[in-house]
Amino acid sequence: METVTIQINNAMGYQFLQNLEALDVIKVLQNTPKIQLMATAKTSDRNLLRAKRLERIKAITKNISVDLANYRFNREEANNYDE
């Protein structure tokens, strides 16, 4: 016995698999809703774009050094929006 993950692209394909299941040829172990699959695809696309963007930023900024050794953050100055 093998376990296979597939994607069904139309209703006829889904009906075909339901018929095969009724004939005890296959067993559907998990039905993932299309909305969940689309969200997963969007997330993976976003992660891929993020990784590419970070690679590009690292390539651009690899030779840039900023010395923050004597920097002191002044919260009062940061919260002073009036000036």
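Where in the chain is Asp24 found? Asp24 is found in the loop between H1 and H2, and the points below place this residue within the model.

1. **Basis of the model.** The structure is a predicted model, in which local features need pLDDT of at least 70, side-chain atom pairs count only at pLDDT 80 or more, and totals for chains, interfaces and linings use all residues. Residues are numbered from 1 along each chain as its sequence is written, and side-chain values use heavy atoms, with hydrogens and water left out.

2. **Confidence.** The chain has a mean pLDDT of 81, with 88% of its residues at 70 or more; pLDDT is the predictor's confidence in each residue, from 0 to 100. Among the elements, H3 has the highest mean pLDDT (87) and H2 the lowest (78).

3. **Secondary structure.** The chain contains three helices and zero strands, in the order α-α-α from the N terminus. Helices (H or I, at least four residues) and strands (E, at least two) are DSSP runs, numbered from the N terminus. Helix H1 covers residues 11–22 and reaches 16 Å from its first C-alpha to its last, close to the 16 Å expected; the expected span is 1.5 Å times one less than the number of residues.

4. **Asp24.** Just after H1, Asp24 takes a positive phi of about 60 degrees, although Asp24 is not a glycine. Most residues other than glycine have a negative phi. Asp24 counts as exposed because its relative accessibility is 71%; exposed means over 50% relative accessible area, buried under 20%, and partly exposed in between (1.4 Å probe, protein chains only).

5. **Surface and burial.** Of the 83 residues of the chain, 2% count as buried. The accessible surface comes to about 8,800 Å², of which 54% belongs to carbon and sulfur atoms. Accessible areas come from the Shrake-Rupley method with a 1.4 Å probe; for residues, only the protein chains shown count as cover.

6. **Nonpolar patch.** Ile64, Val66, Leu68, Tyr71 and Phe73 make a nonpolar surface patch of about 590 Å². Patch residues have over 30% relative accessible area and no salt bridge, with nonpolar side chains (Val, Leu, Ile, Met, Phe, Trp, Tyr) joined within 5 Å and like charges within 9 Å. A salt bridge is a side-chain nitrogen of Lys or Arg within 4 Å of a carboxyl oxygen of Asp or Glu. Phe73 lies in the loop between helix H2 (34–61) and helix H3 (75–78) and is exposed, with a relative accessible area of 51%.

7. **Val4.** Val4 lies in the segment before H1 and counts as exposed at 59% relative accessibility. The C-alpha atoms of Val4 and Leu29 are separated by 10.0 Å, and the two residues are 25 residues apart along the chain.
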